[in-house]
Structures are given as structure tokens and as C-alpha cells.
Amino acid sequence: MPEQAADDGHVLEFRLPDLGEGLADGDLVSWSVAVGDTVELNQTIAEVETAKAVVALPSPFSGVVVELLAKPGDTVPVGAPLIRVRNDLEVTEPPTATRNDVLVGYGPEAESTSRRRKPTPSAAMAASTPSTHRAAATPAARKLAKELGIDLWFVAGSGPEGAVTVEDVRTAVPVTTPRTPAKVGEAVPAPANGHSGDADAGLIEPTAREERTPVSGVRKRTAAAMLASARTIPQASTFVTVDCTASMELLDHLRTTKSFEGLTLTPLALVAKAALAAIAEYPGINSAWDEPNQEIVTRHYVNLGIAVAAERGLLVPNLKEAQTLSLRELCREISDAAETARSGNATPADLRGGTFTITNVGVFGVDSGVPLVNPGEAAILCLGSIRKRPWVFRDELAVRWVTTLGLSFDHRMIDGELGARFLATTAGFLEDPLTLLSRV
């Protein structure tokens, strides 16, 4: 819930709330109000970008804006003050939000069985002002935070009594102040080693040969997630080259049928269907590692992540309960998810909870890749470009449609045999897609 505290009689302060995603901060994208404006209850006052999505912040009270406490581009810790509003009515206690007054990403879907403590105004500031006391956290979370160099005081806890868990640490990043890039013609301080090339002034003259871009929002969280993946997940990869000529012929045929009229049927949809069929045979691929309990959690549902290159950075919306979808439904859902992500309209619910991911680097003309496993998942499938190549078919050299599939996996729970069998089975479905017809 948003924190509201009375100050100077009728001046109310709104602090950045926990957006329900286990994140420690957000980047202020823009203000929808200015000092002197009158705001109404639930009126959108700002947009904040998190690792999951751009979230519209509604005002928890009405009044006149007297101060904006952050600038667009600032990284604001959870609990830090954002705006002050003067309310002419007598306020004895903060108003209570109703079910309809929650932020985007709040509500039943964001709730968990382990509820967070409701912070007091002073406790909420702990996210921006570290204390000399120790933050409550599980031993495993403390160990992981130390390895990643993350201050636990900047991590919102989701465990019992607000304790920080391993998952909280994995999705958090250190709160830092982005370096302001120097404009061309402005002098910036020289490096500490003094090798600036200007011994007299000790300054570097920036030129148009370099450009600095502050890392924020999705890109900052992606970097933190990939760092956590590389540091905490022992990963292995395996590859297979596939003759998918029969799959391409099937797609050409289906595009002419009434069932797929109006849909953009791509090879990715068929690869997704093949992967889902292979997961049904090898459910261990769709699992997760529970570090605190030292258990492997095998999921019997698939929230299929589709990696999308968007302007804000890499986003991975996932298709909920994808194992229940037909090929036609997969085709439509993948297209809708990609369009929503690229337009910037993906919600936190669209982007969280994935269990297995597919990334398609083939659209960039690349034969294959070694993607990193998303934290919280066990494997990621990489689809390379599909090209006509010389191939031995029925003991004769022929020109066939060929692609390469790659699988990166968490070696703690997936051994080489399981990874290889899953990948070979997926390839087999693409070589003979008629075996998938019963699942279309």
C-alpha cells in the first residue's frame, strides 16, 4: 500500500510504494503533474519504470502539489518520498485504500501466502537510509547478497515478518546514483589514476567519438538478473542441427487454411508447440531450484516465456498455462505478447512467473547462441536461423531447410542425458511435425 504521512498540518507525503514485484527501486519516467496543480484521488501523478513494466502511480489523496521530490530519470528507492500535496481538509490519519484503489500490478495476483509487514513511515525510509542494525534475512539470502555485492537494506523482503529471501535478492539490484553523462564540450573529472592526457588541468575533454548512456529500468534489471544467473547457476549447453523441411512445408500449408486465416504463423509457434510436447515427456526440464530448502520443484504447468527485443531492452512475457494451447492459440498468443511488450504495455503480471523460455536469435540472421538461464527457471531453448542448406536426405545430397537448436540448462537439476533427450525429442517433432497433429 502507498505510504502516506501527515506533515505541517495538512501537507501529505507520498512515498514510492512496493510495487508488488520484490524490487528495491524504480526509475521515474515522467511526472503527470507540476507544482501548483490540483490533483484528485486516484489521478495518475507519475510513471515509474521497473524491471517488469512501466507502472502508472495514482495519487492516494487529493490536494495541491507543493513539491516534486524526484526528477525524471532518477532511481527512487522503495519508501523514498516522491511528492508532497497540501490538503485543505483536516487529516487525522491516512485514508484507507479500497480494493479499487490499488496500483497496477497490485491486487489478488500480487498477493502471496507470506504477507509483508505493513511498514510505518519511518520504516519505509529504511530503503533509502541504511541503518546500523542488521536487516532481517534468511542465511541463504545473506550469503547470496554478499556474493552479489547487494546491500540487504535496499531489498524489500517478502518472507515471514518481512524477511529478505533468496528470491528477493535475485530480483534486486544495488541502489546507485547513475552517473550524469557529460555533454559534448563539457569537461569531466579525470580518472583516479591520473592518466588523462592533460597534466595541467587534470580533465578529459569529451568528444563526439564516445557516447555514455545511463543504465536504468529494464536494462539495469536485466544486467542484474544475468549477473545473478552467471554467478549462481552452474550452466551447461547442448546443440542439435535439424532438418525442418517438413515443418516449413506444413506451415506453408496451414497458412492457406481457414483455421489460420488472419494469423501470422511463424516457425517460432511450431517450435514452441514441439518444445511443449517434449516438456510433457520430460517434465524435469520445467523445474526450479529451491535453495533454502535444497529441493527441486517440478512444475506440471508451463508458463512459456518468449524473449522479445523491445526498445526498452529485453523483455520476456510469458504465456500462462501454455501446455493447454493449440498451435493456432500459440500463434495468436505469441504475436499478441510480442506486440504488447514492444509497445511498452506489458504489465508485471505478463512478465513474471515464467517457467521455461524460448529465445529466437534466428530472426537476426544468427545460426545459434548460448543464452543464460533466467533465474527461477531450469532451461532456455534457443532457435537459430532457418536456411536452405545442403543436406544428406535419404542417402542423397539435397537442398533442405535446416536450423540449429540450442539448450542452456541448470546443471544442478538437469544432467546431460535429460538435456540431450529433451532437445532430441524437440528436434524429432520438427523433423516429423505430423506427430504433433494430435496436439494442434
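This dialogue explains how to read several features of a predicted model.

Visitor: How is the numbering to be read, and which residues count in this predicted model?

Guide: Residues are numbered from 1 along each chain as its sequence is written. In this predicted model, local features need pLDDT of at least 70 and side-chain atom pairs count only at pLDDT 80 or more, while totals for chains, interfaces and linings use all residues; side-chain values use heavy atoms, without hydrogens and water.

Visitor: What is the mean pLDDT of the chain?

Guide: pLDDT is the predictor's confidence in each residue, from 0 to 100. The chain has a mean of 78, and 75% of its residues reach 70 or more. Over residues 90–133 the pLDDT is below 50, and this stretch has 72 contacts (heavy atoms within 4.5 Å) in the model beyond near neighbours in sequence. The pLDDT also stays under 50 over residues 173–204.

Visitor: At what angle do the axes of helix H6 and helix H7 cross?

Guide: Helices are DSSP runs of H or I with at least four residues, strands are runs of E with at least two, and both are numbered from the N terminus. Axes are lines fitted to C-alpha atoms, for helices over the stretch in contact, and angles run from 0 to 180 degrees between N-to-C directions. For H6 (residues 267–281) and H7 (residues 327–342), the axes come within 9 Å and cross at roughly 120 degrees. H6 is therefore oblique to H7; angles under 35 degrees count as roughly parallel, over 145 as roughly antiparallel, 65 to 115 as roughly perpendicular and the rest as oblique.

Visitor: Which residues of H6 and H7 meet?

Guide: Leu268, Ala269, Leu270, Ala272, Lys273 and Leu276 in H6 meet Leu327, Leu330, Cys331 and Ile334 in H7. By class, this contact has nine nonpolar, no polar and one charged residues. Ala, Val, Leu, Ile, Met, Phe, Trp, Tyr, Cys and Pro count as nonpolar, Asp, Glu, Lys and Arg as charged, and the others, Gly among them, as polar.

Visitor: How do H6 and H9 cross?

Guide: The axes of H6 and H9 (residues 416–431) come within 8 Å, at roughly 135 degrees. These two helices are therefore oblique to each other.

Visitor: In which sense do strands S13 and S14 pair?

Guide: Two strands pair if DSSP finds at least two bridges between them. S13 (residues 287–290) and S14 (residues 295–298) pair in the antiparallel sense over four bridges. Trp289 has Ile296 in S14 as its bridge partner. The two strands form a hairpin with four residues between them, and Gln294 in the turn has a positive phi of about 50 degrees.
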